[in-house]
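This report describes the overall build of a protein chain and the surroundings of its aromatic rings. Please consult the sequence and structure shown here alongside the text.

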Amino acid sequence: MSRTVLVARLDSVGDVLVQGPLVRAVAAGADRVVFLAGPAGAGAARLLPGVDEVWTWACPWILGDPPPVDADDLTVLTDRVRALAPDEAVVSTSFHQSPLPLALLLRTAGVPRISAISVDYPGSLLDVRHRVDDDLPEPERALSLARAAGFDLPAGDDGRLAVRRPLPPVAHGPSGPDLSPGYIVVHPGASVPARAWPAHRCAEAVEALADAGHRVLVTGGPGERALTAAVAGTRGVDLGGALGLAELAAVLDSAAAVVVGNTGPAHLAAAVGTPVVSLFSPVVPAARWAPYGVPTVLLGDQDAPCRSTRARECPVPGHPCLSSVTAADVVAAVEKLVSA
């Protein structure tokens, strides 16, 4: 009999990418894995090995900019899960999120076995209530949930992040930028402003990296074209808004190193095995959220006053945790990674 497992993670790109080891463990013990993702994370879910189908749903108790609770919307998802009739569900959340509202919906839809990490008493909502040290790196935390639910990685799987391959080619004309491997990628944007290195520092880093003899590509989403153009200046190659998520993975895959804050592309770089200069704001702990499984140089004051606040906007004037990082610091970090 075919065994279907529903895996849920309802927030952003990076949050989904770090579920990779969990997904592969579940896929090793299931015939079909359906991934329930939020709108921001669905593209990342499609890149995960082991995922057979991706569903997208905007969750009103998870998203940072949540939609209103709508009874009809909940009914549509409940009916869809009931029609899928999964044998079980694994609900993954961050340490500050509760899996119980979704567990209630899944139980209402008839899911017979549900596993999640929960500090709150779940009553009959969970069959496996897993509890874990919250200082674990997020990929290990997620994998521990899979193991508690009875799934484990197949032999030979090292538990690192990964994406589906082959990655798509990145289109460029004969007179376009040099995309032969070995360049440095600078990704100045971040999904949360408090985690972004100031734009003028990013621009200084592009200049300094170019002065040090590196080819520099600047990446960003469609809404970040003005930012990437300003950061690239005349010395970097501006790819702002030009890449889908899979194409971005391909660009990161051929980079010698990536300079990026704590945001989705940092975890995407880790998933393709590229070293990371991590401009890490301590609003969340680096022990949990630093790039996993690749050589990394962590920059930023990890003892700044914003530490562990989970702030979306920097609460300290001048953003000192990251503004204190200089272009010279970044060049030195890149040289360390490249030489290694």
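The report turns to the chain as a whole, and then to its aromatic rings.

The model is predicted. Its chain contains 13 helices and 12 strands. For 340 residues, a compact globule would have a radius of gyration near 20 Å, and the chain, at 20 Å, agrees with that expectation. Along the principal axes, the C-alpha atoms occupy a box of roughly 60 × 45 × 40 Å.

Of the 340 residues, 53% are buried. The accessible surface amounts to about 13900 Å², and carbon and sulfur atoms contribute 53% of that area. When contacts between residues at least 6 apart in sequence are considered, 63% of them link residues at least 24 apart.

A search of the whole structure for aromatic pairs returns 1. This pair is formed by Trp57 and Trp61, whose ring centres lie 5.5 Å apart; the planes meet at 70°, which is over 60 degrees, so the arrangement is edge-to-face. The two partners can also be described by their accessibility. Trp57 has a relative accessibility of 6%, under the 20% limit, and therefore counts as buried. Trp61, with 29% relative accessibility, falls between the limits of 20% and 50% and is therefore partly exposed.

| Charged residue | Ring | Distance from charged end to ring centre |
|---|---|---|
| Arg80 | Trp55 | 4.0 Å |
| Arg288 | Phe95 | 4.2 Å |

In each row, the charged end belongs to an arginine: Arg80 over the ring of Trp55, and Arg288 over the ring of Phe95.

How values were computed: Residues numbered from 1 in each chain as written. Predicted model: local features only at pLDDT ≥ 70, side-chain atom pairs only at ≥ 80, totals over all residues. Heavy atoms only, no water. Phe/Tyr/Trp six-rings, centres within 6.5 Å; stacked < 30°, edge-to-face > 60°. Buried < 20%, exposed > 50% of the residue type's maximum accessible area, 1.4 Å probe, protein only. Lys NZ or Arg CZ within 6 Å of the ring centre and 35° of its normal. Helix = DSSP H or I, 4+ residues; strand = E, 2+ residues; numbered from the N terminus. Rg over C-alpha atoms; globule rule 2.2 N^0.38 Å. Contact = heavy atoms within 4.5 Å. Areas by Shrake-Rupley, 256 points an atom, 1.4 Å probe, with all protein chains shown as cover.
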